[in-house]
Amino acid sequence: MKPIPMEYLSACARPGTVETLPYGDKFALLYAPVRPAERILYLIHGGGGDQHSFFCPEFLNMVDNMIDAGELEPLTIVSPCFYDPAETDKTPAASGIAVKKFIGELREEVVPLAENRVGRAFRREDRAVSGFSMGGVTTWYAFLEALDLFYDFLPLSGDCWVCGETGGGKFPEATAEALAAAVAKQGSPDFRVHAITGSRDIAFPNLDAQMRAMEAYPDAFRGKVRYDVMEGGVHDYETIFRYLYNALPELGRRE
Ligand code: FER
């Protein structure tokens with residue numbers, strides 16, 4: 001897991017743009033790179049966060065610099081918020097309900113809105129979804145319910161809660177079984193999962209147990225799932241930016 005070059009945290013001479021996309025009583029943020037993108041990433045914040053959690057200068061400068069240096073093909077990034085505007089309960093229990101419900105909104109509202117704005121519908125193969133912590137939980141719900149929409153799934157320090165809160169840790173076998181069943185139910189399309197966490201991350205025990213249990217389902221997952229643990233990695237955005245620095249250039253790779 002390479003560190004982010006220090007200079008990538010500073011503003012890039014050729015930055016992309018960020019605009020607000022309103023829908024209903026909510027909005028998503030859209031990052032458009034300086035050159036047209038072949039690929040789009042839906043990137044989901046963690047518990048208590050919002051559209052701005054990922055879209056801070058540190059992260060956007062990194063992406064600008066990666067694209068400018070030719071390390072990353074131009075990538076459009078959409079940052080929605082899974083909470084309703086009136087929601088005050090940001091506990092894991094309430095967030096767990098919100099993220100499951102959010103998949104319908106992602107499909108019906110956010111994806112069409114973003115891709116209309118960009119002026120093209122992206123192919124499934126060029127669409128990715130990722131998120132940190134509760135955003136990782138969201139990414140697994142997208143895997144369960146929207147495998148038709150996305151090819152790449154990057155759950156970062158978040159497990160699958162289909163069997164309950166932190167279910168990847170509490171019920172790893174049942175969670176793995178549900179994920180494998182969801183692949184079959186959705187017609188077993190090709191996909192890539194790249195799950196990443198850190199050895200000192202609070203979600204490590206949950207994601208780790210789940211990823212190990214998934215090894216019992218090679219028909220569903222063999223050759224399609226990658227799992228990395230960064231030694232010493234903790235549960236914060238700075239660490240997650242480093243995972244994305246390493247993982248984003250791999251999106252869409254078919255090898
Ligand atoms: C986990 C997934 C998500 C986890 C915690 C969270 C401790 C989120 C917590 C929060 O939003 O407060 O596996 O393990």
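**Figure 1. The loop between β5 and α3, with Ser133.** In this predicted model, Ser133 lies in the loop that joins strand β5 (127-132) to helix α3. The phi angle of Ser133 is near 60°, a positive value in a residue that is not glycine. Is Ser133 buried or exposed? Ser133 has a relative accessible area of 16%, and the limit for a buried residue is under 20%, so Ser133 counts as buried.

**Figure 2. The loop between β6 and α4, with Ser157.** Ser157 is placed in the loop between strand β6 (152-156) and helix α4. Ser157 is not a glycine, although its phi is positive, at about 50°. With a relative accessible area of 1%, Ser157 is buried.

**Figure 3. Helix α6 and its packing partners.** Helix α6 covers residues 204-214. Its buried residues are Asn206, Leu207, Asp208, Gln210, Met211, Ala213 and Met214. Which elements do the buried residues of α6 pack against? The helices are α3 (134-145), α4 (167-170), α5 (172-185) and α7 (218-221). The strands are β7 (192-198) and β8 (225-230).

**Figure 4. Trp140 and the nonpolar cores.** Leaving aside residues up to four places away in sequence, Trp140 touches Leu207, Gln210, Met211 and Met214, among others. Further contacts of Trp140 include Pro155, Gly158, Asp159, Cys160, Leu179, Val193 and Ala195. Trp140 is also one of the residues with the most contacts inside the largest nonpolar core, which has 49 residues. In soluble globular proteins, nonpolar side chains tend to be buried together.

**Figure 5. Asn61 in helix α1.** Asn61 is found in helix α1, which spans residues 57-68. Asn61 has a relative accessible area of 13% and is therefore buried. What does Asn61 touch, not counting residues up to four places away in sequence? The contacts are with Tyr8, Leu9, Ser10 and Ala11.

Figure 6. Glu238 belongs to helix α8 (residues 237-247). Its relative accessibility is 55%, and exposed means over 50%, so Glu238 counts as exposed. Glu238 and Phe54 are separated by 184 residues in sequence, yet their C-alpha atoms are 9.8 Å apart in space.

**Figure 7. The whole protein, for orientation.** The protein has eight helices and eight strands. Its C-alpha trace spans about 50 × 40 × 35 Å along the principal axes. How does the radius of gyration agree with that of a compact globule? A compact globule of 255 residues would have a value near 18 Å, and the protein has 17 Å, which agrees. Of the 255 residues, 54% are buried. Among contacts with a separation of 6 or more, 76% are between residues 24 or more positions apart. The accessible surface is about 10,900 Å², and carbon and sulfur atoms account for 52% of this area. There are 25 positive and 37 negative side chains, and the centres of these two sets lie 4 Å apart.

How values were computed:
Residues are numbered from 1 along each chain as its sequence is written. This is a predicted model: local features need pLDDT of at least 70, side-chain atom pairs count only at pLDDT 80 or more; totals for chains, interfaces and linings use all residues. Side-chain values use heavy atoms; hydrogens and water are left out. Buried means under 20% relative accessible area, exposed over 50%, partly exposed in between (1.4 Å probe, protein chains only). Helices (H or I, at least four residues) and strands (E, at least two) are DSSP runs, numbered from the N terminus. Contact means heavy atoms within 4.5 Å. The radius of gyration is taken over C-alpha atoms; the globule rule is 2.2 Å times the number of residues to the power 0.38. Accessible areas come from the Shrake-Rupley method with a 1.4 Å probe; for residues, only the protein chains shown count as cover. Lys and Arg count as positive and Asp and Glu as negative; His and the chain ends are not counted. The place of a charge is taken as NZ of Lys, CZ of Arg, CG of Asp or CD of Glu. A nonpolar core is a set of buried Ala, Val, Leu, Ile, Met, Phe, Trp, Tyr and Cys residues joined through side-chain atoms within 4.5 Å.
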